[in-house]
Amino acid sequence: AREAGGGAAALTGASVYLEAAQSGPTTLEECLENQLRAAAEEAPDCFLVTGADTDEKIELLREVVRRNEKRMVRLSVPDTTGTYFTDEEDTEIGFDVPTVVLRDGEIHEII
């Protein structure tokens with residue numbers, strides 16, 4: 001939430017478009033995951049997804065959200081010679097952002 005003029009917190013959302021994902025060189029799944037990850041970097045209060053107009057697309061959305069849940073992992077990082085070593089500390093990856101599926105301008109589902 002962001003601070004609005006009167007001191008009240010305003011919510012911010014990030015738009016995710018499944019319609020546009022079908023025309024590019026990547027798969028629908030890759031495009032969806034790329035959009036969600038990029039949007040999550042801006043720390044929105046929610047994702048607003050349009051174009052999930054079939055049960056298959058909603059299931060794909062659920063799977064991508066599940067796969068990107070916030071968690072702590074131990075990463076491997078390269079040194080200056082390109083040799084990979086396990087990092088000494090865990091790193092937080094993923095996101096924990098409610099995903100709102102819109103159909104016909106109405107909320108269809110919240111994931």
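The protein has three helices and eight strands, and in this predicted model the elements follow one another from the N terminus in the order β-β-β-α-α-β-α-β-β-β-β. Of the 111 residues in the protein, 26% are buried. When contacts between residues at least 6 apart in sequence are considered, 57% of them join residues at least 24 apart.

Four of the strands form an open sheet with the order E3-E4-E7-E8, in which the pairing is mixed. Strand E3 (13-17) and strand E8 (106-110) are the edge strands, each of them pairing on one side only. Direction ignored, neighbouring strands of this sheet are turned against each other by 30° on average. Within the sheet, strand E4 (residues 46-50) and strand E7 (residues 99-103) pair in the parallel sense, over three bridges, and Leu-48 is the residue that stands opposite Val-100 in E7. In general terms, the strands of a sheet pair through backbone hydrogen bonds, in either a parallel or an antiparallel arrangement.

Two helices are placed against these strands. Helix H2 (residues 28-40) lies across E3 and E4 and runs at about 165° to E3, whereas helix H3 (residues 55-67) packs on the sheet with contacts to E4, E7 and E8, its direction making about 165° with that of E7. The 13 residues of H2 reach 18 Å from the first C-alpha to the last, which is close to the 18 Å expected at 1.5 Å a residue.

The buried residues of H3 are Lys-57, Ile-58, Leu-60, Leu-61, Val-64 and Val-65. Seen down the axis of H3, these buried residues fall within an arc of 160°, and they therefore line one face of the helix. Such a pattern can be read against the geometry of an α-helix, which has 3.6 residues a turn, so that residues three or four places apart point the same way. The face of H3 turned away from its buried side carries Asp-55 and Glu-56, both of which are exposed. In H2, the residues that are buried are Cys-31, Leu-32, Glu-33, Leu-36, Ala-39 and Ala-40.

The largest nonpolar core comprises 18 residues, among which Val-16, Leu-32, Leu-36, Phe-47, Val-49 and Leu-61 touch the most other members. The elements E3, H2, E4 and H3 each give two or more residues to this core, and H3 gives the most, with five residues. In soluble globular proteins, nonpolar side chains tend to be buried together. Leaving aside residues up to four places away in sequence, Val-16 touches Leu-32, Gln-35, Leu-36, Phe-47, Leu-48, Val-49 and Thr-50.

Ala-39, found in helix H2, counts as buried because its relative accessibility is 13%, which lies under the 20% cut-off. Its contacts, with residues up to four places away in sequence not counted, are with Ala-14, Pro-44 and Phe-47. Although Ala-39 and Ala-14 are 25 residues apart along the chain, their C-alpha atoms are separated by 6.0 Å. Thr-99, whose place is in strand E7, has a relative accessibility of 0% and so counts as buried. Under the convention that residues up to four places away are not counted, Thr-99 touches Phe-47, Val-49, Leu-61, Val-65, Glu-109, Ile-110 and Ile-111. Asn-68 is located in the loop between H3 and strand E5 (71-78), and it counts as buried because its relative accessibility is 5%.

Definitions and conventions. Residues are numbered from 1 along each chain as its sequence is written. This is a predicted model: local features need pLDDT of at least 70, side-chain atom pairs count only at pLDDT 80 or more; totals for chains, interfaces and linings use all residues. Side-chain values use heavy atoms; hydrogens and water are left out. Two strands pair if DSSP finds at least two bridges between them. Axes are lines fitted to C-alpha atoms, for helices over the stretch in contact, and angles run from 0 to 180 degrees between N-to-C directions. Contact means heavy atoms within 4.5 Å. Buried means under 20% relative accessible area, exposed over 50%, partly exposed in between (1.4 Å probe, protein chains only). The expected span of a helix is 1.5 Å times one less than its number of residues. The arc is that of the directions from the helix axis to the C-beta atoms. A nonpolar core is a set of buried Ala, Val, Leu, Ile, Met, Phe, Trp, Tyr and Cys residues joined through side-chain atoms within 4.5 Å.
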